Amino acid sequence: MEFEPKIVSFLCNWCSYTGADLAGTSRMKYAFNIRIIRVMCSGRVDPTFVLESFRKGADGVLICGCHPGDCHYHEGNYKCLRRYHVLKKYLSQMGIEPGRLHLEWISASEGRQFAQLADSFTEKIRALGPCSVKKVVETLT
Amino acid sequence: MAVYWGAACGGCCVSVLDVHEKLFDVVANADLVFWPIALDTKYEDVEEMEDKSIDITLYNGAVRNSENEHMAKVLRQKSKILVAYGSCAHMGGIPGLANFSTHEEILDKVYIRNTSTENKENVIPQVEFEVKEGKLHLPKFYNDVRTLDQTVDVDYYMPGCPPQTERLLEVFTAIVEGKELPPKGAVIGAYDKSQCEECTRKKSEKKQVKQFFRPFEVEDDGETCFLEQGIICLGPATRGGCGYRCIKGNAPCRGCYGPPPDVIDPGAKMMSAVATMIDANTPEEIERITSQIVDPAGTFYRFSLPGSILRRKVASKQ
């Protein structure tokens, strides 16, 4: 059977979720691999959420927030950006390809960009193959 | 009462010895039936004890090989209360850092590639070895380090590397006096609040740094919050209870007391806290500052790798 990546994505309520909604209401087609979780702000995405996603079987994690300067809470997206950089370093030390985690700014009007991102990120994860974290944790001796 | 060491350095057992003359109070109230550092009770003697005949066992050390695992299971069976004593039993501790490597890598490094090792025949430890007197056995060395509660059911956790002797005495006295015990699964001998609540260093509201330093790169003024000086201190993601001894000794907290209540992964919380302090908004500048954090995995998970969400390093793409 062909590998279908499982991708967890955290979208901020104010821009990115609305952007994804626009993609839906505009009837744009995009990869079904993306599972969307709405959060109030990309700054709410605790590194714990990302690690838990991988542990529970995600092959990729996508975080989307408002463009720089546009955050509903002024600087939540900057906090997210800083955590993203630290987290990527940690993931690569743990043997997880840093490319499995991606951060992108999507505004409320960028439905098309969201659909394209969903497709391109899914293809990227498909090329990387399944993430082994869940399997490894389940078979620890 | 019993005290046992799994994959440990011995420091936890010494922290029990550090009760000094209070040891007489301990032995007046409790019969020490098994304690490898101080008594000559054999494993067979423990195996022959009746189930639940030990009131309380302090198990320190991680579970790293078949011997540690066997004794964890035996002591669970023989004890009414099993306490994961110290960072290693609680979250994996320093031996848990072995989860960055595989078991083959470790044996290869220690017995073959080490520059000061001469081992022409590439001899590595075997579980069984035949000599003319008979068969010799060694415990099986596992690939993964586990915490005690990843091996057997645990009643209480007492964190610290090692746990502070004062906290141990408080717990011990409470048990002897017949006080009501906390609910199963509780962390005992530590506070619910973080180190920062206790720490008396000067803190300001604005924690923002343009550069991270390693402790030796900066002349600490002895007064200002380590984080505000750009030195990574794990205080915000670590329970209080140790009396912030390291900080009092002008060394940043390294997180041995484990996370405060409701935190699943102490390293993730610390990454979150440290990252928000970075005083930059462009990816390039953030990347520059982040690169000054040497070894984030080892720093944020120094005592907690096996007990963390990811538990160990995975092999990159097979």
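Helices (H or I, at least four residues) and strands (E, at least two) are DSSP runs, numbered from the N terminus. The views below come from a predicted model, in which local features need pLDDT of at least 70, side-chain atom pairs count only at pLDDT 80 or more, and totals for chains, interfaces and linings use all residues. Residues are numbered from 1 along each chain as its sequence is written, while chains are lettered from A and ligands numbered from 1 in the order in which they are written.

**View 1. Asp262(B) in a loop of chain B.** Asp262(B) sits in the loop that runs between helix 9 (245-248) and helix 10 (266-276) of chain B. Its phi is near 70°, a positive value in a residue other than glycine. Asp262(B) is exposed, with 6 other C-beta atoms within 10 Å.

**View 2. Arg27(A) in a loop of chain A.** The loop between helix 1 and strand 2 of chain A holds Arg27(A). Phi of Arg27(A) is near 60°, again a positive value in a residue other than glycine. Arg27(A) is exposed, and 7 other C-beta atoms lie within 10 Å.

**View 3. The cis peptide bond of chain B.** Cys161(B) and Pro162(B) are joined by a cis peptide bond with an omega of about -10°. Pro162(B) belongs to the loop between strand 8 (156-158) and helix 7 (165-176) of chain B.

**View 4. The open sheet of chain A.** Four strands of chain A form an open sheet in the order 2-1-3-4, with parallel pairing. Strand 2 (34-39) and strand 4 (101-105) of chain A are the edge strands, each pairing on one side only. From one strand to the next, the twist averages 20°. Two strands pair if DSSP finds at least two bridges between them; strand 1 (residues 7-12) and strand 3 (residues 60-65) of chain A pair over five bridges. Ile7(A) has Gly60(A) as its bridge partner in strand 3 of chain A. Helix 1 (residues 16-25) of chain A lies across strand 1, strand 2 and strand 3 of chain A, at about 115° to strand 1. Axes are lines fitted to C-alpha atoms, for helices over the stretch in contact, and angles run from 0 to 180 degrees between N-to-C directions.

**View 5. The contact between chain A and chain B.** In this interface, 29 residues of chain A are in contact with 29 residues of chain B, where contact means that C-beta atoms, placed from the backbone, lie within 7 Å. On the chain A side, helix 2 (47-55), helix 3 (76-93) and helix 5 (133-138) each give two or more residues. Helix 3 of chain A supplies the largest share of that side, eleven residues.

**View 6. Domain 1 and domain 2 of chain B.** Chain B is divided into domain 1 (2-95 + 144-176), domain 2 (97-141) and domain 3 (195-300), with bounds from an automatic or database domain assignment. The centres of domain 1 and domain 2 of chain B, taken over C-alpha atoms, are separated by 28 Å. Seven residues of domain 1 of chain B are in contact with six residues of domain 2 of chain B. Helix 4 (66-78) and strand 7 (141-146) of chain B are the elements that give two or more residues to the domain 1 side.

Conventions: Contact = placed C-beta atoms within 7 Å. Buried ≥ 20, exposed ≤ 12 C-beta atoms within 10 Å, placed from the backbone.
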